[in-house]
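Thanks for coming, everyone. I'll take a few minutes to walk you through one model, and please keep the viewer open while I talk.

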Amino acid sequence: MSFLDRLHAAERRADSLLCVGLDPDPAKFPAPWTGDAGRIFDFCARIVDATKDLVLAYKPQIAYFAAHRAEDQLERLMAYLARTAPDVPVILDAKRGDIGATAEQYAREAFDRYQADAVTVSPFMGFDTVEPYLRRPGKGVFLLCRTSNPGGADWQAQRLADLPGQPRLYEHLAAMAETRWNRNGQLGLVVGATWPEELARVRALAPTLPLLIPGVGAQGGDAAATVRAAWRGTPEGGSTAPIVVNSSRAVLYASAGPDFAEAARREALATRDTLNAARRG
């Protein structure tokens with residue numbers, strides 16, 4: 001099954017557009033785990049157990065594990081997800097970007113070591129740095145396009161004077177990803193919920209690509225505006241191309257007490273329902 005097919009199946013199964021980002025910060029763990037990096041797996045596993053029936057995908061951010069020398073816990077978590085939530089696609093948020101030979105090693109890291117279903121990649125150095133990830137049938141690759149951070153406009157919103165119509169960089173990337181770069185139907189794009197107008201523009205330029213949309217929740221992106229900008233439905237009630245709307249901190253740290261997993265479930269359920277109300281209304 002292709003990654004795109006897995007996303008469609010997960011959307012139908014969970015009736016959800018929500019992705020929960022797994023960004024474990026031991027300083028924010030509830031007592032008695034506060035500050036204990038040895039509890040990263042335990043914390044994330046509790047979140048997964050509480051939310052796995054509500055989500056379209058999970059998105060572990062590799063830096064939150066590597067910074068605490070917890071790559072072994074990430075491996076355990078990926079195996080746990082495969083065992084306990086086998087129908088939920090897992091996107092490794094790594095944002096790698098390097099020359100082809102090095103990119104092949106990063107692809108091995110994401111897909112062989114961690115067994116991810118998809119990975120985030122920076123396309124700044126060109127297609128030859130993306131192509132090694134596309135040699136893995138059934139795997140997905142999300143290219144950074146219009147990111148949610150304020151400084152993204154420093155490059156992504158600049159116009160390209162050498163191209164007809166002088167498109168903005170993110171527009172040109174979206175058009176290339178939709179067409180000549182998407183050779184095997186494996187590409188998607190990362191577009192922030194904090195820029196709904198740009199999100200709508202990307203959807204217009206890339207109508208068939210899945211969109212990974214961070215920025216809902218703690219970053220201030222509006223869930224309903226995100227759905228209106230990016231979701232396109234079919235007559236049967238499904239989507240023409242999935243949108244994967246990510247919330248991390250708002251779910252993970254909904255409570256600082258021993259009820260953190262139950263609070264995470266309540267926040268995930270509320271966010272899922274908000275997203276669904278937007279696409280149905």
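**A walk through the model**

Let's begin with an arginine and a tryptophan: R146 sits over the face of W195, 4.5 Å from the ring centre. There's another arginine doing that sort of thing, by the way: R76 lies over the face of F41, at 3.9 Å from the ring centre. Before I go on, a reminder that this is a predicted model.

Strand 5 runs over residues 140-146, and seven of its seven residues are buried. What does strand 5 pair with? On one hand there's strand 4, residues 118-121, which runs parallel to strand 5 and is joined to it by four bridges. If you want a place to look, A118 stands opposite G140. Then there's strand 6, residues 187-191, also parallel to strand 5, with five bridges. In that pairing, L144 has V190 as its bridge partner.

Stay with strand 5 a moment, and find F142. F142 makes an edge-to-face aromatic pair with F3, at 5.8 Å centre to centre and 85° between the planes. F3 is in helix 1, residues 3-14, while F142 is in strand 5, so this pair ties together parts that are 139 residues apart in sequence.

P32 belongs to the loop between strand 1 (18-22) and helix 2 (40-51).

Now the residue some of you will ask about, K95. The unreviewed UniProt entry carries an "active site" annotation that covers K95. Where is it found? K95 is in strand 3, residues 91-96. Its relative accessible area is 40%, so K95 counts as partly exposed. The side chain of K95 makes a polar contact of 2.8 Å with the side chain of D93. Setting aside neighbours within four places in sequence, K95 is in contact with Q61, T120, V121, S122 and L144.

Another non-glycine with a positive phi is Q166, at about 45°. Q166 is in the loop between helix 6 (153-156) and helix 7 (169-178), and at 39% relative accessibility Q166 is partly exposed.

Last stop, helix 9, residues 223-230. Why call helix 9 largely enclosed? Because six of its eight residues are buried. Those are A223, A225, T226, V227, A229 and A230. What do they pack against? The buried residues of helix 9 pack against helix 8 (196-205), strand 7 (211-213), strand 8 (243-247) and helix 11 (260-280). And at the start of helix 9, a side-chain oxygen of D222 comes to within 3.2 Å of the backbone nitrogen of A224.

That's my tour, and I'm happy to take questions.

How values were computed. Residues are numbered from 1 along each chain as its sequence is written. This is a predicted model: local features need pLDDT of at least 70, side-chain atom pairs count only at pLDDT 80 or more; totals for chains, interfaces and linings use all residues. Side-chain values use heavy atoms; hydrogens and water are left out. UniProt positions are given in the numbering used here, feature names are shortened, and annotations may be inferred rather than shown by experiment. Helices (H or I, at least four residues) and strands (E, at least two) are DSSP runs, numbered from the N terminus. Buried means under 20% relative accessible area, exposed over 50%, partly exposed in between (1.4 Å probe, protein chains only). Contact means heavy atoms within 4.5 Å. A polar contact is a pair of N or O atoms within 3.5 Å; within protein, one must be able to donate a hydrogen and the other to accept it, and residues adjacent in sequence count only if both atoms are side-chain atoms. Rings of Phe, Tyr and Trp (its six-membered ring) pair if their centres lie within 6.5 Å; planes under 30 degrees apart count as stacked, over 60 as edge-to-face and the rest as tilted. A charge sits over a ring if NZ of Lys or CZ of Arg is within 6 Å of the ring centre and within 35 degrees of the ring normal. Two strands pair if DSSP finds at least two bridges between them.
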